[in-house]
Structures are given as C-alpha cells and as structure tokens.
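Student: Hey, can we walk through this one together? I'd like to go spot by spot.
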Amino acid sequence: MKKIDCHVHFVGGGTAQSGTWFKLKTWWDRLQARMMLKGCGIEPSAMHDDLDRIYTEQLLKLIKDSSLDALVLLAQDIAHADDGTPLPDKSKFYVPNDVVLELGRRHEEIIPAISIHPGRADAMDELERCIESGARVLKLLPNVINIDCNDKKYAPFWTRMAEGKVIFLSHTGGEMTLPVMNKAYADPRILTLPLECGVTCIAAHSAGGSYPGDKDYTDDLLKMFKEFPNLYGDNSALCSLNRNKTIGKILDPEVQERILHGSDYPVPVSGLGVWIKGFLPWKDWRKWKGCQNILEQDYQFKKAMGFNEATFTRLSQLLDLN
Ligand SMILES: [Zn+2]
C-alpha cells in the first residue's frame with residue numbers, strides 16, 4: 001500500500017496563465033511567505049519569477065527523494081458570502097481545480113484535491129466536472145472561506161460527494177496563517193451533515209488549537225469518532241511549534257486507527273516543541289533536525305513519535321489504491 005502525505009498545499013503566482021494567485025498585504029504576510037519558501041528549499045525571489053513551475057519542480061523532487069510514495073495536492077477556493085457571492089477581497093490565495101487535476105494527470109506521485117465552496121452558483125456543475133476528471137478528494141477551510149457545512153441547502157452537494165466516493169478533507173480547529181471569517185466553523189461538529197450524508201471526512205489538524213489560548217476541539221473530535229465510523233483526523237502541521245500539544249491526544253493506539261499522516265507543506269516543520277514536550281526522542285530529533293527535505297523530516301518525526309505504519313497508508317486504503 002502507498003504511503004501518502006494527505007495534506008500538501010499548492011501555491012502559485014499565476015504564471016503560464018494557470019489562474020493561481022496570492023496576496024501579501026502586510027510585512028507579516030511577506031515574512032511568512034519568505035520563511036515558508038526557504039524552508040521548502042526555494043529562493044524567495046521565486047515569488048517574482050515562474051513560481052508555479054519552480055514550486056512544482058521542488059515538490060516533485062522532495063517527494064521522489066522521500067520515504068513517501070504520493071501526496072495529496074490541494075486546490076484552494078475563495079471565500080463566498082452565505083448567499084453565494086464570491087468574496088475575492090477576503091481571500092489570501094487561490095488555486096483553481098484544473099491546476100491540481102492537471103498535475104495529478106501528469107505525475108503519479110500527485111493525488112489532486114479539488115476545492116469548491118458549496119454555496120457557489122456553479123457548485124454542483126463544478127463538482128460533477130471534477131468527478132468526471134477523476135477527483136477523489138475535496139479540501140475546504142470552512143472557517144476561512146465561510147462555509148456552514150451543516151446548512152441543509154448543501155445536502156445535495158454532500159450526497160453527490162458520497163455517491164462519487166469523494167473524501168472531504170476539512171480544516172478544523174483554529175487557523176493562524178490565513179484570515180478567519182467565522183471562528184465558530186473551527187468546530188469539528190461542522191462536519192455533522194456531510195457525515196450524515198455518507199461522506200468520508202478527515203478533520204485536518206485533528207481539530208486542535210492553533211495558538212496559545214485558541215479553543216481546542218480535539219476532545220470533541222474524539223467523541224465524534226465514536227458516533228461516526230466514517231470520520232478521521234489528520235496529524236498535519238502538528239510538528240510546528242504552535243500546534244504540537246495536539247500530538248499527545250492522538251498517539252493513543254485506539255485513536256490512531258482514525259489518524260492519517262499529513263504535513264501541511266509548506267508550513268514549517270519543527271521538532272523542537274515535540275521534543276521539549278517529550279513526544280520525540282532526543283536521538284531522533286538530533287538525527288533529523290537538519291534534514292533539508294521537510295516532507296521527509298515530517299515523516300521521520302511522526303514515525304519516531306510513535307505514529308504507526310497504518311497512519312501513513314490509511315488514505316491508500318480509503319481510496320482503494322494499491
Ligand atoms: Zn493546510
């Protein structure tokens with residue numbers, strides 16, 4: 001079975017008419033972007049160059065040089081108002097579905113994850129088109145792009161996803177890198193209606209808090225695991241300094257049966273917090289802290305912390321890949 005990183009972002013600057021864009025409004029945005037690119041082994045000057053191509057080439061190099069077999073590459077829809085009006089001014093970056101679908105066609109290491117705000121006027125048509133193009137995963141950030149997933153008007157969208165065997169990877173818990181539109185949608189109970197419609201859901205970051213004082217929903221997620229057999233969590237970004245407290249709650253062997261491996265690339269990986277908290281043995285931290293391939297580094301840290309083999313291959317099983 002394939003070892004898969006279930007949570008890898010695409011970022012592009014719209015070169016070669018790809019349609020991608022990002023906005024860096026403040027000094028903090030610019031600093032974060034530079035740090036993230038550097039951490040991925042990309043010169044920050046790439047932001048003013050053909051970023052789409054440079055980012056793709058680097059990602060392919062990293063996955064090929066890693067212990068992993070494939071990664072889920074995420075499209076990113078923009079925010080919409082409750083009435084379906086697009087809100088590009090409230091959005092920080094955009095990655096069209098065709099960008100990841102095309103990369104998925106060209107490279108066997110890439111599993112595309114589409115992104116469609118279910119309130120969009122063309123949501124059902126776009127979902128249909130993407131399913132026909134082979135999409136098996138859909139990614140959304142309900143708190144960032146404003147989606148009340150439990151709104152009954154979205155039931156046909158979730159039902160079609162369930163019929164098309166499209167897995168829903170949803171951001172849960174707080175968010176620090178992107179502006180949040182509706183804080184309440186960080187709650188994993190936002191996934192209740194999609195789960196009831198039969199969609200297999202993965203709660204990204206296992207619903208943990210994102211910064212000190214941020215509300216932590218991991219215990220709520222663990223309760224939901226008992227109620228919904230089609231609900232999972234991922235361990236993406238949990239090696240970062242701000243999210244590592246979630247690790248202790250999901251290492252339990254019984255909980256691990258519902259956990260999938262994910263990195264949240266290009267979010268920086270740091271073993272420091274998990275080592276200080278006692279989850280990562282000293283020798284493993286020493287061995288991997290200087291690793292330049294952050295996909296591999298995240299994989300090695302997770303393995304050393306005790307995430308079992310099945311957490312790396314679980315998506316393969318859920319997608320029926322071999
Ligand atoms: Zn992410």
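This is a predicted model: local features need pLDDT of at least 70, side-chain atom pairs count only at pLDDT 80 or more; totals for chains, interfaces and linings use all residues.

Student: Okay, and which protein atoms are the donors of the zinc ion?

Tutor: They are NE2 of His7, NE2 of His9 and OD of Asp264, lying 2.1 to 2.2 Å from the zinc ion.

Student: What spacing do those donors follow along the chain?

Tutor: It's H-x1-H-x254-D. Histidine 9 sits in strand E1 (residues 4-9), while aspartate 264 is in the loop between strand E10 (259-260) and helix H11 (272-276), so this pair ties together parts 255 residues apart in sequence.

Student: Is histidine 9 buried or exposed?

Tutor: Buried, since its relative accessible area is 11%.

Student: Switching topic: how many cavities of 30 Å³ or more are there?

Tutor: The structure has 2 of them. The largest cavity holds about 430 Å³ of space. It is lined by 25 residues, and the closest to its centre are Val11, Met36, Phe93, Thr177 and Pro266.

Student: Which element gives the largest share of that lining?

Tutor: H1 does, with 5 residues. E1 is also involved: E1 and H1 each supply at least two residues of the lining.

Student: Let's jump to H14. Which residues are buried there?

Tutor: In helix H14 (residues 309-318), the buried ones are Thr311, Phe312, Thr313, Arg314, Leu315 and Ser316.

Student: And what happens just after H14?

Tutor: Aspartate 320 takes a positive phi there, about 60°.

Student: Last one: where is alanine 135?

Tutor: Alanine 135 is in the loop between helix H4 (123-132) and strand E6 (137-140). With a relative accessible area of 2%, alanine 135 is buried.

Student: How are alanine 135 and alanine 203 separated?

Tutor: They are 68 residues apart along the chain, and 19 Å separates their C-alpha atoms.

Notes
Residues are numbered from 1 along each chain as its sequence is written. Side-chain values use heavy atoms; hydrogens and water are left out. Donors are N, O and S atoms within 2.8 Å of the metal (3.2 Å for Na, K and Ca); water is not among the atoms, so sites may look incomplete. Helices (H or I, at least four residues) and strands (E, at least two) are DSSP runs, numbered from the N terminus. Buried means under 20% relative accessible area, exposed over 50%, partly exposed in between (1.4 Å probe, protein chains only). On a 1 Å grid over the protein atoms alone, a cavity is a set of points where a 1.4 Å probe fits but cannot get out, and a pocket is an open set with protein on both sides within 12 Å along at least five of seven lines; lining residues have an atom within 4 Å of a point. Grid points are joined across faces, edges and corners, and a volume is the space filled by probe spheres set on the points.
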